[in-house]
Amino acid sequence: MPRLRLDFEVRSNLVKYSDGTLSLCYQCGTCTASCLLSPNLGVRSLMARAQIGVVDDSNAWKCVTCKYCEVTCPRGVKIADVVRGMRIVLYEKKIVPERLVDGLWRIYEDGNPLGSPRRERSLWTRGLKYSQGEAEVLIYTCCMNAYDRRLQGVARSLVEVLSKANVSIAIASEGESCCGDLVYNIGEEYYLEELASNNVSLMEKLKPSIILTLSPHCYNMFKNVYPRYNAKPPAPVVHYTVYLSELIASGRLKPGRLEANVTYHDPCYLGRFNGVYEEPRTILQHIDGVNLVEMEHNRENSLCCGGGGGAFWSENVEARGVTRVRLREALDTGASIMSTACPYCIRMFEDELKVAKYTVNIVDVLELLRESLR
Ligand code: SF4
Ligand code: SF4
(Lines give C-alpha, C1' and ligand atoms only; values in the text may rest on other atoms or scores of the structure.)
(Ligands and ions follow the chains in the order given, each with its own letter.)
Protein backbone atom coordinates (compact mmCIF):
# COMPACT_ATOMS: atom_id res chain seq x y z
CA MET A 1 0.00 0.00 0.00
CA PRO A 2 1.49 3.39 -0.99
CA ARG A 3 2.41 5.68 1.93
CA LEU A 4 0.65 9.03 2.25
CA ARG A 5 2.85 12.08 2.74
CA LEU A 6 1.44 14.50 5.27
CA ASP A 7 1.46 18.13 4.16
CA PHE A 8 0.81 20.57 6.99
CA GLU A 9 0.75 23.63 4.74
CA VAL A 10 -1.99 22.11 2.55
CA ARG A 11 -3.82 20.96 5.66
CA SER A 12 -3.83 24.42 7.15
CA ASN A 13 -5.03 25.96 3.86
CA LEU A 14 -7.89 23.46 3.60
CA VAL A 15 -8.90 24.24 7.19
CA LYS A 16 -8.84 27.94 6.29
CA TYR A 17 -10.98 27.50 3.13
CA SER A 18 -13.58 25.62 5.23
CA ASP A 19 -13.69 28.36 7.90
CA GLY A 20 -12.10 25.96 10.35
CA THR A 21 -14.84 23.33 10.01
CA LEU A 22 -12.59 20.65 8.46
CA SER A 23 -10.98 20.19 11.88
CA LEU A 24 -14.38 19.28 13.34
CA CYS A 25 -14.85 16.18 11.17
CA TYR A 26 -14.87 13.06 13.35
CA GLN A 27 -15.20 10.58 10.50
CA CYS A 28 -18.75 9.37 11.17
CA GLY A 29 -19.36 8.64 7.48
CA THR A 30 -22.82 10.24 7.33
CA CYS A 31 -21.71 12.28 4.32
CA THR A 32 -20.75 9.14 2.40
CA ALA A 33 -24.14 7.62 3.19
CA SER A 34 -25.96 10.71 1.90
CA CYS A 35 -23.73 11.82 -1.01
CA LEU A 36 -25.62 11.72 -4.28
CA LEU A 37 -22.54 10.36 -6.05
CA SER A 38 -21.84 7.49 -3.64
CA PRO A 39 -20.39 4.92 -4.16
CA ASN A 40 -18.40 6.63 -6.93
CA LEU A 41 -17.23 9.36 -4.59
CA GLY A 42 -16.02 8.51 -1.07
CA VAL A 43 -16.56 11.76 0.83
CA ARG A 44 -15.60 10.51 4.28
CA SER A 45 -12.21 9.35 3.06
CA LEU A 46 -11.82 12.60 1.06
CA MET A 47 -12.28 14.52 4.33
CA ALA A 48 -9.92 12.14 6.22
CA ARG A 49 -7.19 12.80 3.66
CA ALA A 50 -7.87 16.54 3.71
CA GLN A 51 -7.30 16.52 7.47
CA ILE A 52 -3.73 15.41 6.90
CA GLY A 53 -3.19 17.66 3.88
CA VAL A 54 -3.53 14.96 1.23
CA VAL A 55 -5.50 15.94 -1.86
CA ASP A 56 -7.40 13.26 -3.76
CA ASP A 57 -7.36 14.41 -7.38
CA SER A 58 -9.96 12.10 -8.87
CA ASN A 59 -12.67 12.54 -6.20
CA ALA A 60 -12.10 16.29 -5.85
CA TRP A 61 -13.12 16.76 -9.49
CA LYS A 62 -16.11 14.41 -9.28
CA CYS A 63 -17.98 16.37 -6.58
CA VAL A 64 -20.78 18.57 -7.98
CA THR A 65 -20.55 20.92 -4.94
CA CYS A 66 -24.27 20.49 -4.28
CA LYS A 67 -23.95 20.65 -0.45
CA TYR A 68 -26.53 17.85 -0.08
CA CYS A 69 -24.15 16.01 2.26
CA GLU A 70 -23.65 19.14 4.38
CA VAL A 71 -27.29 19.11 5.46
CA THR A 72 -26.74 15.80 7.25
CA CYS A 73 -23.20 16.39 8.61
CA PRO A 74 -23.50 16.46 12.42
CA ARG A 75 -20.34 18.62 12.72
CA GLY A 76 -21.26 21.32 10.23
CA VAL A 77 -18.25 20.65 8.01
CA LYS A 78 -18.28 22.85 4.90
CA ILE A 79 -17.55 19.91 2.62
CA ALA A 80 -18.00 21.74 -0.70
CA ASP A 81 -15.55 24.42 0.48
CA VAL A 82 -12.98 21.76 1.39
CA VAL A 83 -13.42 20.33 -2.11
CA ARG A 84 -12.84 23.74 -3.66
CA GLY A 85 -9.77 24.20 -1.50
CA MET A 86 -8.45 20.92 -2.90
CA ARG A 87 -9.07 22.22 -6.40
CA ILE A 88 -7.00 25.33 -5.67
CA VAL A 89 -4.13 23.02 -4.69
CA LEU A 90 -4.67 20.84 -7.78
CA TYR A 91 -4.83 23.87 -10.08
CA GLU A 92 -1.46 25.04 -8.78
CA LYS A 93 -0.09 21.58 -9.59
CA LYS A 94 -1.76 21.71 -13.04
CA ILE A 95 -3.88 18.62 -12.31
CA VAL A 96 -7.16 19.74 -13.89
CA PRO A 97 -9.53 17.79 -16.20
CA GLU A 98 -8.92 18.77 -19.81
CA ARG A 99 -12.49 19.85 -20.50
CA LEU A 100 -12.37 22.29 -17.59
CA VAL A 101 -9.12 23.74 -18.90
CA ASP A 102 -10.81 24.20 -22.29
CA GLY A 103 -13.66 26.08 -20.58
CA LEU A 104 -11.19 28.28 -18.76
CA TRP A 105 -9.41 29.17 -22.02
CA ARG A 106 -12.73 30.07 -23.63
CA ILE A 107 -13.43 32.48 -20.76
CA TYR A 108 -9.93 34.01 -21.14
CA GLU A 109 -10.37 34.48 -24.88
CA ASP A 110 -14.08 35.13 -25.40
CA GLY A 111 -15.41 36.10 -21.98
CA ASN A 112 -17.69 33.04 -21.77
CA PRO A 113 -17.22 29.27 -21.31
CA LEU A 114 -19.18 28.43 -24.47
CA GLY A 115 -16.54 30.00 -26.73
CA SER A 116 -19.11 32.20 -28.49
CA PRO A 117 -17.97 35.56 -29.90
CA ARG A 118 -18.07 38.45 -27.45
CA ARG A 119 -19.72 40.69 -30.08
CA GLU A 120 -22.73 38.33 -30.13
CA ARG A 121 -23.40 38.56 -26.40
CA SER A 122 -26.35 40.92 -26.77
CA LEU A 123 -28.02 39.25 -29.79
CA TRP A 124 -30.67 37.84 -27.45
CA THR A 125 -31.93 41.38 -26.77
CA ARG A 126 -32.92 42.07 -30.39
CA GLY A 127 -36.19 43.99 -30.52
CA LEU A 128 -36.41 44.44 -26.74
CA LYS A 129 -36.61 47.86 -25.08
CA TYR A 130 -33.95 48.60 -22.48
CA SER A 131 -31.39 51.21 -21.57
CA GLN A 132 -27.61 51.10 -21.27
CA GLY A 133 -27.67 53.79 -18.61
CA GLU A 134 -29.52 54.34 -15.37
CA ALA A 135 -32.64 52.25 -14.71
CA GLU A 136 -34.49 50.57 -11.84
CA VAL A 137 -32.72 47.27 -12.40
CA LEU A 138 -29.59 46.17 -14.21
CA ILE A 139 -29.94 42.68 -15.67
CA TYR A 140 -26.59 40.91 -15.63
CA THR A 141 -26.98 38.14 -18.20
CA CYS A 142 -25.61 34.68 -17.54
CA CYS A 143 -23.43 33.39 -20.41
CA MET A 144 -25.85 30.48 -20.83
CA ASN A 145 -28.86 32.79 -21.23
CA ALA A 146 -26.94 35.12 -23.52
CA TYR A 147 -25.72 32.51 -26.03
CA ASP A 148 -27.71 29.28 -25.74
CA ARG A 149 -30.71 29.56 -28.07
CA ARG A 150 -33.00 27.59 -25.78
CA LEU A 151 -32.07 29.74 -22.80
CA GLN A 152 -32.21 33.08 -24.61
CA GLY A 153 -36.00 32.69 -24.40
CA VAL A 154 -35.76 32.67 -20.60
CA ALA A 155 -33.82 35.95 -20.61
CA ARG A 156 -36.34 37.50 -22.99
CA SER A 157 -39.13 36.34 -20.68
CA LEU A 158 -37.56 38.30 -17.82
CA VAL A 159 -37.53 41.49 -19.89
CA GLU A 160 -41.15 40.91 -21.01
CA VAL A 161 -42.37 40.28 -17.44
CA LEU A 162 -40.55 43.34 -16.06
CA SER A 163 -42.00 45.48 -18.84
CA LYS A 164 -45.53 44.36 -17.83
CA ALA A 165 -44.77 45.70 -14.34
CA ASN A 166 -43.36 48.95 -15.82
CA VAL A 167 -39.90 48.35 -14.39
CA SER A 168 -37.17 50.25 -16.26
CA ILE A 169 -34.34 47.94 -17.34
CA ALA A 170 -30.67 48.33 -18.17
CA ILE A 171 -28.62 45.54 -19.74
CA ALA A 172 -24.84 45.62 -19.78
CA SER A 173 -24.70 43.82 -23.17
CA GLU A 174 -21.33 43.30 -24.89
CA GLY A 175 -19.31 44.67 -22.00
CA GLU A 176 -20.23 41.77 -19.72
CA SER A 177 -17.96 38.81 -19.09
CA CYS A 178 -18.68 35.49 -17.41
CA CYS A 179 -19.33 35.82 -13.67
CA GLY A 180 -16.48 33.36 -13.14
CA ASP A 181 -18.40 30.49 -11.52
CA LEU A 182 -16.31 27.99 -13.50
CA VAL A 183 -13.08 29.88 -12.76
CA TYR A 184 -13.95 29.75 -9.06
CA ASN A 185 -14.76 26.05 -9.16
CA ILE A 186 -11.53 25.26 -11.00
CA GLY A 187 -9.56 27.04 -8.28
CA GLU A 188 -7.92 29.71 -10.52
CA GLU A 189 -7.60 32.36 -7.85
CA TYR A 190 -5.64 35.07 -9.67
CA TYR A 191 -7.76 35.25 -12.81
CA LEU A 192 -10.92 35.20 -10.68
CA GLU A 193 -9.78 38.36 -8.92
CA GLU A 194 -9.15 40.11 -12.25
CA LEU A 195 -12.47 38.96 -13.72
CA ALA A 196 -14.42 40.05 -10.63
CA SER A 197 -12.75 43.45 -10.62
CA ASN A 198 -13.52 44.03 -14.35
CA ASN A 199 -17.15 42.99 -13.94
CA VAL A 200 -17.65 45.25 -10.93
CA SER A 201 -16.08 48.19 -12.82
CA LEU A 202 -18.64 47.67 -15.57
CA MET A 203 -21.48 47.56 -13.03
CA GLU A 204 -20.22 50.79 -11.43
CA LYS A 205 -20.34 52.61 -14.79
CA LEU A 206 -24.02 51.70 -15.17
CA LYS A 207 -24.92 53.02 -11.67
CA PRO A 208 -27.56 50.38 -10.87
CA SER A 209 -29.98 50.46 -7.94
CA ILE A 210 -30.41 46.69 -8.12
CA ILE A 211 -28.37 44.06 -9.96
CA LEU A 212 -30.72 41.34 -11.14
CA THR A 213 -29.40 37.90 -12.02
CA LEU A 214 -31.00 35.13 -14.03
CA SER A 215 -28.65 32.40 -12.84
CA PRO A 216 -28.22 31.32 -9.23
CA HIS A 217 -24.52 30.82 -10.08
CA CYS A 218 -24.05 34.51 -11.03
CA TYR A 219 -26.12 35.43 -7.96
CA ASN A 220 -23.85 33.43 -5.67
CA MET A 221 -20.68 34.78 -7.28
CA PHE A 222 -21.68 38.47 -7.10
CA LYS A 223 -23.28 38.28 -3.66
CA ASN A 224 -21.02 35.91 -1.75
CA VAL A 225 -17.78 35.35 -3.65
CA TYR A 226 -16.84 38.72 -5.22
CA PRO A 227 -16.66 40.60 -1.88
CA ARG A 228 -14.06 38.04 -0.73
CA TYR A 229 -11.96 38.96 -3.80
CA ASN A 230 -11.98 42.74 -3.21
CA ALA A 231 -14.78 43.29 -5.72
CA LYS A 232 -17.97 44.34 -4.00
CA PRO A 233 -20.85 45.02 -6.45
CA PRO A 234 -22.08 48.64 -6.24
CA ALA A 235 -25.73 47.70 -5.49
CA PRO A 236 -27.72 44.88 -3.89
CA VAL A 237 -27.60 41.67 -5.93
CA VAL A 238 -30.98 39.97 -6.24
CA HIS A 239 -32.06 36.77 -7.96
CA TYR A 240 -35.03 37.40 -10.25
CA THR A 241 -37.32 35.04 -8.25
CA VAL A 242 -36.89 37.22 -5.17
CA TYR A 243 -37.43 40.46 -7.09
CA LEU A 244 -40.55 39.24 -8.90
CA SER A 245 -42.10 37.80 -5.73
CA GLU A 246 -41.68 41.26 -4.18
CA LEU A 247 -43.33 42.89 -7.21
CA ILE A 248 -46.25 40.46 -6.81
CA ALA A 249 -46.52 41.17 -3.06
CA SER A 250 -46.61 44.93 -3.72
CA GLY A 251 -49.34 44.50 -6.35
CA ARG A 252 -47.13 45.89 -9.12
CA LEU A 253 -47.11 42.59 -10.98
CA LYS A 254 -50.25 40.51 -11.37
CA PRO A 255 -49.65 37.01 -12.75
CA GLY A 256 -52.30 35.74 -15.17
CA ARG A 257 -53.86 32.33 -15.76
CA LEU A 258 -52.37 29.05 -16.90
CA GLU A 259 -53.77 25.58 -16.24
CA ALA A 260 -50.95 23.18 -15.40
CA ASN A 261 -49.72 20.59 -12.93
CA VAL A 262 -46.25 21.82 -12.04
CA THR A 263 -43.46 20.65 -9.79
CA TYR A 264 -40.49 22.82 -8.80
CA HIS A 265 -36.84 21.79 -8.65
CA ASP A 266 -34.71 23.81 -6.19
CA PRO A 267 -31.35 24.69 -7.80
CA CYS A 268 -28.56 24.02 -5.27
CA TYR A 269 -26.92 27.44 -5.73
CA LEU A 270 -30.25 29.21 -5.10
CA GLY A 271 -31.53 26.96 -2.32
CA ARG A 272 -28.84 25.41 -0.16
CA PHE A 273 -26.25 28.07 -1.06
CA ASN A 274 -28.50 31.10 -0.55
CA GLY A 275 -31.65 30.00 1.26
CA VAL A 276 -34.07 31.02 -1.52
CA TYR A 277 -36.79 28.37 -1.34
CA GLU A 278 -40.15 30.09 -1.03
CA GLU A 279 -39.98 32.93 -3.57
CA PRO A 280 -40.09 30.74 -6.72
CA ARG A 281 -43.00 28.81 -5.18
CA THR A 282 -44.76 32.10 -4.37
CA ILE A 283 -44.56 33.10 -8.04
CA LEU A 284 -45.96 29.75 -9.17
CA GLN A 285 -48.77 29.80 -6.60
CA HIS A 286 -49.87 33.25 -7.77
CA ILE A 287 -50.44 32.01 -11.32
CA ASP A 288 -54.14 31.21 -11.44
CA GLY A 289 -54.70 27.58 -12.50
CA VAL A 290 -51.24 26.29 -11.54
CA ASN A 291 -51.33 23.26 -9.25
CA LEU A 292 -47.94 23.04 -7.52
CA VAL A 293 -46.95 19.55 -6.40
CA GLU A 294 -43.76 18.87 -4.45
CA MET A 295 -41.21 16.18 -5.19
CA GLU A 296 -40.18 13.80 -2.43
CA HIS A 297 -36.96 15.79 -1.92
CA ASN A 298 -37.56 19.50 -1.83
CA ARG A 299 -36.17 22.74 -0.40
CA GLU A 300 -33.11 22.05 1.78
CA ASN A 301 -33.29 18.35 0.92
CA SER A 302 -33.62 18.86 -2.82
CA LEU A 303 -31.54 16.58 -5.03
CA CYS A 304 -29.07 18.12 -7.49
CA CYS A 305 -29.37 18.35 -11.29
CA GLY A 306 -25.80 17.06 -11.54
CA GLY A 307 -24.40 20.16 -13.26
CA GLY A 308 -22.79 22.20 -10.48
CA GLY A 309 -19.16 22.72 -9.52
CA GLY A 310 -18.07 22.63 -13.17
CA ALA A 311 -19.69 19.21 -13.80
CA PHE A 312 -21.73 20.68 -16.65
CA TRP A 313 -18.52 21.57 -18.48
CA SER A 314 -16.50 18.48 -17.59
CA GLU A 315 -19.35 16.17 -18.69
CA ASN A 316 -19.04 14.29 -15.42
CA VAL A 317 -20.51 10.88 -16.29
CA GLU A 318 -21.25 9.84 -12.69
CA ALA A 319 -23.28 13.02 -12.21
CA ARG A 320 -25.60 11.97 -15.04
CA GLY A 321 -27.05 9.31 -12.74
CA VAL A 322 -28.00 12.11 -10.32
CA THR A 323 -29.78 13.97 -13.13
CA ARG A 324 -31.83 10.91 -13.99
CA VAL A 325 -32.84 10.18 -10.38
CA ARG A 326 -34.16 13.73 -10.10
CA LEU A 327 -36.14 13.42 -13.34
CA ARG A 328 -37.75 10.24 -12.03
CA GLU A 329 -38.80 12.07 -8.87
CA ALA A 330 -40.47 14.72 -11.02
CA LEU A 331 -42.33 12.01 -12.99
CA ASP A 332 -43.50 10.39 -9.75
CA THR A 333 -45.41 13.56 -8.84
CA GLY A 334 -47.61 13.16 -11.92
CA ALA A 335 -46.80 16.76 -12.98
CA SER A 336 -46.45 17.40 -16.68
CA ILE A 337 -44.09 20.33 -16.09
CA MET A 338 -40.88 20.45 -14.06
CA SER A 339 -40.03 24.08 -13.41
CA THR A 340 -36.80 25.49 -12.05
CA ALA A 341 -34.89 28.79 -11.91
CA CYS A 342 -31.39 27.99 -13.19
CA PRO A 343 -30.04 27.70 -16.74
CA TYR A 344 -27.70 24.83 -15.85
CA CYS A 345 -30.55 22.79 -14.34
CA ILE A 346 -32.65 23.29 -17.47
CA ARG A 347 -29.81 22.20 -19.75
CA MET A 348 -28.89 19.18 -17.58
CA PHE A 349 -32.47 17.90 -17.44
CA GLU A 350 -33.24 18.55 -21.10
CA ASP A 351 -30.03 16.84 -22.22
CA GLU A 352 -30.79 13.79 -20.07
CA LEU A 353 -34.36 13.65 -21.37
CA LYS A 354 -32.99 13.11 -24.89
CA VAL A 355 -31.58 9.79 -23.67
CA ALA A 356 -34.15 8.85 -21.01
CA LYS A 357 -37.15 9.70 -23.21
CA TYR A 358 -39.34 10.56 -20.20
CA THR A 359 -42.32 12.79 -20.92
CA VAL A 360 -42.02 15.88 -18.79
CA ASN A 361 -41.48 19.47 -19.93
CA ILE A 362 -38.62 21.41 -18.39
CA VAL A 363 -39.24 25.13 -18.08
CA ASP A 364 -38.01 28.12 -16.15
CA VAL A 365 -40.45 29.71 -13.68
CA LEU A 366 -40.12 32.86 -15.82
CA GLU A 367 -41.48 31.10 -18.89
CA LEU A 368 -44.61 30.00 -17.01
CA LEU A 369 -45.12 33.50 -15.63
CA ARG A 370 -44.69 35.10 -19.05
CA GLU A 371 -47.10 32.58 -20.60
CA SER A 372 -49.71 33.38 -17.95
CA LEU A 373 -49.49 37.08 -18.85
CA ARG A 374 -50.10 36.62 -22.58
S1 SF4 B 1 -20.62 13.73 7.95
FE2 SF4 B 1 -19.32 15.44 8.63
S3 SF4 B 1 -18.29 14.69 10.49
FE4 SF4 B 1 -19.14 12.88 9.44
S5 SF4 B 1 -17.44 12.14 8.12
FE6 SF4 B 1 -18.65 13.50 6.87
S7 SF4 B 1 -17.67 15.51 7.08
FE8 SF4 B 1 -16.91 14.24 8.77
S1 SF4 C 1 -21.33 18.29 -2.29
FE2 SF4 C 1 -22.73 16.83 -3.32
S3 SF4 C 1 -21.44 15.62 -4.72
FE4 SF4 C 1 -20.06 16.72 -3.29
S5 SF4 C 1 -19.67 15.26 -1.68
FE6 SF4 C 1 -21.46 16.46 -1.01
S7 SF4 C 1 -23.31 15.35 -1.74
FE8 SF4 C 1 -21.48 14.50 -2.77
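Trainee: How do the residues lining the largest cavity divide by class?
Mentor: The lining has 12 nonpolar residues, one polar and one charged. Keep in mind that the model is predicted.

Trainee: Which residues come closest to the centre of the largest cavity?
Mentor: C35, C63, T65, C66 and C69 are the closest of the 14 lining residues. Cys counts as nonpolar. The cavity holds about 120 Å³ of space. The helices α5 (68–72) and α6 (79–92) each give two or more residues to its lining.

Trainee: How many cavities of 30 Å³ or more are there?
Mentor: Five.

Trainee: Where does ligand 2 sit?
Mentor: Ligand 2 sits in the largest cavity. The term applies because more than half of the atoms lie within 2 Å of the cavity's grid points.

Trainee: What surrounds ligand 2?
Mentor: Its shell includes C35, C63, C66 and C69, along with T65, K67 and Y68. By class, the shell has nine nonpolar residues, one polar and one charged.

Trainee: And which residues are closest to ligand 1?
Mentor: C25, C28, G29, C31 and C73, out of 14 that surround it. Helices α2 (30–34) and α3 (43–50) each supply at least two residues of that shell. The classes are nine nonpolar, three polar and two charged.

Trainee: Why is the pair of Y108 and Y191 called tilted?
Mentor: Check both values. The centres are 4.5 Å apart, and the cut-off for a pair is 6.5 Å. The planes make an angle of 55°. Stacked needs under 30 degrees and edge-to-face needs over 60, so 55° counts as tilted.

Trainee: What parts of the chain does the pair link?
Mentor: Distant ones. Y108 is in helix α7 (residues 98–110) and Y191 in helix α11 (residues 189–205), 83 residues apart.

Trainee: Why is Y191 called buried, but Y108 partly exposed?
Mentor: Y191 has a relative accessible area of 10%, and buried means under 20%, so Y191 is buried. Y108 has 30%, between 20% and 50%, so Y108 is partly exposed.

Trainee: What makes F312 and Y344 a tilted pair?
Mentor: The same test. Their centres lie 5.1 Å apart, with 55° between the planes. F312 is in helix α15 (residues 311–314) and Y344 in helix α17 (residues 343–356), so the pair ties together parts 32 residues apart in sequence. Both F312 and Y344 are buried.

Trainee: Why does R324 count as partly exposed?
Mentor: Its relative accessibility is 25%, which falls between the 20% and 50% limits, so the label is partly exposed. R324 lies in helix α16 (residues 317–332).

Trainee: What makes the bond between S38 and P39 cis?
Mentor: Its omega is about 5°. Most peptide bonds are trans. P39 lies in the loop between α2 and α3.

Trainee: Why is N166 called exposed?
Mentor: Its relative accessible area is 64%, over the 50% cut-off, so N166 is exposed.

Notes: Residues numbered from 1 in each chain as written. Chains lettered and ligands numbered in written order. Predicted model: local features only at pLDDT ≥ 70, side-chain atom pairs only at ≥ 80, totals over all residues. Heavy atoms only, no water. 1 Å grid on protein atoms, 1.4 Å probe; cavity = no way out; pocket = protein on both sides within 12 Å on 5 of 7 lines; lining within 4 Å. Points joined across faces, edges and corners; volume = space filled by probe spheres on them. Helix = DSSP H or I, 4+ residues; strand = E, 2+ residues; numbered from the N terminus. Near = heavy atom within 4 Å. Phe/Tyr/Trp six-rings, centres within 6.5 Å; stacked < 30°, edge-to-face > 60°. Buried < 20%, exposed > 50% of the residue type's maximum accessible area, 1.4 Å probe, protein only.
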